[in-house]
Each structure stands twice: as C-alpha cells, then as structure tokens.
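Trainee: I'm new to this one, could you walk me through it? I'd like to begin with the strands and then move on to the ligand.

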Amino acid sequence: MTEMTTTLIGSGAAKATEQEAVRVSQEAAGDAEYTFSVEGLDLFYDQTQALKNINMNIEKNHITALIGPSGCGKSTFLKTLNRMNDWVEGCRVTGKIQFEGKDIFKEVDPLALRYRVGMVFQQPTPFPKSIFENVAYGPRIQGISNKKELAEIVEQSLRQAVIWDELKDRLNESALGLSGGQQQRLCIARTLAARPSVILMDEPTSALDPISTQKIEDLALELKKDYTIVIVTHSMQQARRISDKTAFFLLGELIEFNDTVDMFTQPSNAQTEAYITGRFG
Ligand SMILES: Nc1ncnc2c1ncn2[C@@H]1O[C@H](COP(=O)(O)OP(=O)(O)OP(=O)(O)O)[C@@H](O)[C@H]1O
Ligand SMILES: [Mg+2]
C-alpha cells in the first residue's frame, strides 16, 4: 500500500504536469449541488461484478458512512471515487461519476482528482521519512519549495489533524517511530497538506485503540466543516456517532442510503435491519 501511496503522490519528473493539473482542477471546482453524483455505476474485476448499478449523491460537508459485510464492495466503491482502481488490471467501470459537476472519467485529470480527493487507509502508511517530510511531501510535489511556506503548511496540517502538540518537538524524527494512532493522524495531516476537498477513509480506526479512535472520530467531525468525508466502517456505533448519511451495501448492491438517524431507527429494508442489529454480516 505504501508503494501505491507513493505512486499517487508521483515522481519529480511529472512535477510540472501535476502542478498544472492541480491548478486547472482547483479553478474548475464549481458550485455543483453534490460533491459526488454517482449514476448507474457498474464495476467488474475481470468477469466478476463487484458493484451493481450504484446510484448515490454524496453531499458536501457531510460525513457519509459506507457499511456492509466483508466483500460487499465498500473499498471498491471508495477507490472508484478517486480512480484508484485505474491501477487494478482487469478492472472495468461503466456508468457515470461526477465530482463537483464534472465527469471523473472524461473531464477530470486523474492525478488532479487524487489531490482533490485524498485517501486514508486502514493501516497507516507513513513514508520512511521524517515527520516533517511526510507532511511536506505533497506540497513539495505541487511545487512549493519555500522553507517558510512549507513549515507553515506542515504546522497548519498537523494542527488540523490534532497532533501538532504531540509532534512539534519531534518534526525531524522518523515517522515510523510513532504509535499507530499517531501515524494515522500524521497520514491525515499528510492528506490535508495536499489541499483536498474530500477525504476518503477506509476503516481508518480499525487498527486503533479506543482513545485513538475517539481522536480520529472527533477529528472527522471537526474536518467536515471544511471537507466532505466518506468513511468505510465496520462499527455501527461509529457510523451512528459521526455520520450524517449511511449507505448499506450488500453483494455489490446499494441496498439502502438514508440519513443515519433514520437508517438506524427505522430502516426501510429488512436486510438493512438484519445487518445493523447484528443478525448477519
Ligand atoms: N483487485 C481486485 N481484484 C479482483 N477482485 C477484487 C479486487 N479487489 C476486490 N475484489 C473483490 O471485489 C469484491 C469487493 O471487495 P471490497 O474490497 O470492495 O470489499 P469490502 O466491502 O471493502 O470488504 P472488507 O469489509 O472485507 O474490506 C470482493 O469479492 C473482492 O474479492
Ligand atoms: Mg474494504
């Protein structure tokens, strides 16, 4: 996964193109009603269909939780939103996804899309570099080389990820020496430093203790003021605590998508009810 993350951020050789792509995409950010608008999305891994006719609008400055049993397509759906499945051989997508009103397969540069739509994985994936350089990596690739400016971005991103106080005296130490919970918040800071408008989180707390989990949940609630968040979780409590909308997936289908409060108090589908009450999955 580290390898993939590195690829996402890119190499020095592609720098000029990336800077241009990011600039164009930021200029293009429109006033679309939804952050993502997904219509008739089908996804195949070779002959196997992993997503079936998904239709879903993801609202700006909301937290949308994706729930469902293992293998139902949550991670696949999340990765489709920033075209990370482009790297998967044999993966084929049909249907339409609009990001801020633009077709992500036709009108948006994939590299720029991945800056605007950042991703945080289940296992924290810090680079084997210093804490400072982990966070400065994205801005550096985007062409920022001024030391003072970089230092400001690093501080601001670490503050946003609520880890500045813990790390401010350790910026030159290796990120690999941090605890799992600290590494996860560092990875969130690294994502924020690339100035996204969306943060995709794939089970970001499943490897963390309850205290670190709570910190990440509080952080997500704080971040939704400025960002749109889509989070995959196996914890019904977590979905209830932090999300505005919940999507229930089963065998590649979106079974129910509703306000979280309604979904958990009066699910309209019997399968949703069975899942959220722990009767299967
Ligand atoms: N790269 C891949 N190549 C082939 N099949 C894949 C690939 N990635 C996922 N799949 C298949 O697609 C289906 C959905 O997988 P996905 O990882 O999206 O599920 P998930 O809901 O995230 O599950 P979990 O809760 O276990 O993480 C599964 O049947 C899985 O085996
Ligand atoms: Mg998954």
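Trainee: Why is strand β3 largely enclosed by the rest of the structure?

Mentor: Five of the five residues of strand β3 (residues 63–67) are buried, so the strand is largely enclosed by the rest of the structure. Buried here means under 20% relative accessible area, with exposed being over 50% and partly exposed in between, using a 1.4 Å probe and protein chains only. Helices (H or I, at least four residues) and strands (E, at least two) are DSSP runs, numbered from the N terminus.

Trainee: Before we go on, what sort of model is this?

Mentor: This is a predicted model, in which local features need pLDDT of at least 70 and side-chain atom pairs count only at pLDDT 80 or more, while totals for chains, interfaces and linings use all residues. Residues are numbered from 1 along each chain as its sequence is written, chains are lettered from A and ligands numbered from 1 in the order in which they are written, and side-chain values use heavy atoms, leaving out hydrogens and water.

Trainee: OK, back to β3: which residues point which way?

Mentor: Ile-63, Ala-65 and Ile-67 point one way from β3, whereas Thr-64 and Leu-66 point the other way, and all are buried.

Trainee: And which strand has Leu-66's opposite number?

Mentor: Leu-66 stands opposite Val-232 in β8, and β3 pairs with that strand (residues 228–232) in the parallel sense over four bridges, where pairing requires that DSSP finds at least two bridges between the strands. Strand β9 (residues 245–250) also runs parallel to β3 and is joined to it by four bridges, with Ala-65 opposite Thr-246.

Trainee: Switching to ligand 1, how many residues surround it?

Mentor: There are 13 residues around ligand 1, and the closest are Ser-70, Lys-74, Ser-75, Thr-76 and His-234; a residue counts as near if one of its heavy atoms lies within 4 Å. Helix α3 (residues 74–81) gives the most to this shell, with three residues.

Trainee: Which polar side-chain atoms lie by an oxygen of the ligand?

Mentor: One belongs to Ser-75, at 2.8 Å from an oxygen atom of ligand 1, and another belongs to His-234, at 2.7 Å from an oxygen atom of the ligand; a polar contact is a pair of N or O atoms within 3.5 Å. Taken alone, ligand 1 exposes 630 Å², and the protein buries 59% of that, with areas from the Shrake-Rupley method and a 1.4 Å probe.

Trainee: Last one, is helix α8 mostly covered or uncovered?

Mentor: Helix α8 is mostly covered, since 13 of its 14 residues are buried.

Notes
A polar contact is a pair of N or O atoms within 3.5 Å; within protein, one must be able to donate a hydrogen and the other to accept it, and residues adjacent in sequence count only if both atoms are side-chain atoms.
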